[in-house]
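I opened my notebook today to look a few things up in a structure.

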Amino acid sequence: MNRQSAVERWLAPPTPAGEQGSFERSVLKGLTGSRKTLECKYLYDDQGSALFDEICRQPEYYPTRTETEILSRYAGNIAAAIGPDAEVVELGSGASLKTRILLRALRRPAAYVPVDISAEFLRTAAASLAEEFSAVAVFPVVADFTAPFSLARNARHAARLLFFPGSTIGNFHPAHAERFLRQTCRSLVPDALLIGVDLKKDRTILQAAYNDAAGVTAAFNLNLLQRINRELDATFDLSLFAHEAFYTEERGRVEMHLRSSIAQRVRVAGRYVGFAAQESIHTESSYKYSVDEFLALAGRAGWQSVDAWLDDDKLFSVHLLLPAGQ
């Protein structure tokens, strides 16, 4: 069996009907509440995933290149701490670019399990990685990792490393982040967790990262309305909504919004949603932490720190955690 067919065999099939129903319920609930919101996980359809990959290449967007620099610099330390024959499970794997650094550094990695909500994007990325790392078994899984799910062990007797880069943990409210680390991550029975966490820093750096000059983040944000138009027979006019992103220091988070320029009504899944002029839809939050704040949160969730690595400018951090008591 060639590598492409092996990936196709292990790719868990998505369930479009169930996913579509969940999407519709979530969108209608979010748009008819007292403050309009949309779940950020729905930003990542195939087009959204491709746009986010492009965001990561923008000069203002420091998290990707900084985390990549940390992983490259400390790959040997990380691999020594993890040990040989690990099964790597990555949540929200995207293009699996940072994973390549990890797999090259690890001694005899037994398997790689990328988990992502975007099926076609995942299939392409997994096939590419399987071709590049022919000695590593690749088992891609389509799943919404924000909801609890379980995974069978693909490599017997291998330690399972949960890899959660990109500071995706920042998309959770801190109370939800703690619950996620306690319940969802532990349900996968990992032996260790390698996680990227964005750090608190100057407001100017943060706001520039989410308002790139090329407008890619704006296109990424607006693509969510285009997805709703396509999948829920909606009538959003994208020219009447503007991308906004700003840092709120008291909450320690960057917020992304889509703001309506006029008073209007939009049809969504057969219902009409009203917008006042300048009313916004909150589409994403990205919480930032100090190292001590994150370690305190992880400790409350049942994890203990092995080590933490930072870049020279202290923009970003990568943490290796073990289940408490291990």
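My entries follow, from the whole chain down to single residues.

**Ground rules.** I am working with a predicted model, where local features need pLDDT of at least 70, side-chain atom pairs count only at pLDDT 80 or more, and totals for chains, interfaces and linings use all residues. Residues are numbered from 1 along each chain as its sequence is written, and side-chain values use heavy atoms, with hydrogens and water left out.

**Whole chain.** I began with secondary structure and found 11 helices and 13 strands in the protein chain. These are DSSP runs numbered from the N terminus: H or I of at least four residues for helices, E of at least two for strands. The radius of gyration is 20 Å, close to the 20 Å of the globule rule for 326 residues, so the chain is as compact as a globular protein of that length. That radius is taken over C-alpha atoms, and the rule is 2.2 Å times the number of residues to the power 0.38. Along the principal axes, the C-alpha atoms fill a box of roughly 60 × 45 × 35 Å.

Next I checked burial: 52% of the 326 residues count as buried. Buried means under 20% relative accessible area, exposed over 50%, and partly exposed in between (1.4 Å probe, protein chains only). I then turned to contacts, meaning heavy atoms within 4.5 Å. Of those with a separation of 6 or more, 72% join residues 24 or more positions apart.

**Cysteines.** How many disulfides does the structure hold? I found zero, with a disulfide being a pair of cysteine sulfur atoms within 2.5 Å. For Cys40, the nearest cysteine sulfur is that of Cys56, 14 Å away. Cys56 is likewise in no disulfide, and its nearest cysteine sulfur is that of Cys40. Cys40 is buried, at 19% relative accessible area, and Cys56 is buried too, at 17%.

**Pro63.** I located Pro63 in helix 4, which covers residues 62-73. Its relative accessibility is 4%, so Pro63 counts as buried. Setting aside residues up to four places away in sequence, Pro63 touches Asp198 and Phe316. I also looked at Leu199, which is 136 residues from Pro63 along the chain; their C-alpha atoms are separated by 9.6 Å.

**Val291.** This residue sits in helix 11, residues 291-300. Val291 is partly exposed, with a relative accessible area of 24%. Which residues does Val291 contact, leaving aside neighbours within four places in sequence? I noted Leu199, Leu310 and His319. Ala126 is 165 residues from Val291 along the chain, and the C-alpha atoms of the two are separated by 32 Å.

**Two positive phi values.** A reminder to myself: most residues other than glycine have a negative phi. Gln278 has a positive phi, near 75°. I placed Gln278 in the loop between strand 10 (271-275) and strand 11 (280-287), and its 45% relative accessibility makes it partly exposed. Lys314 also has a positive phi, near 55°. Lys314 lies in the loop between strand 12 (303-310) and strand 13 (316-323). Is Lys314 buried or exposed? At 53% relative accessibility, Lys314 counts as exposed.
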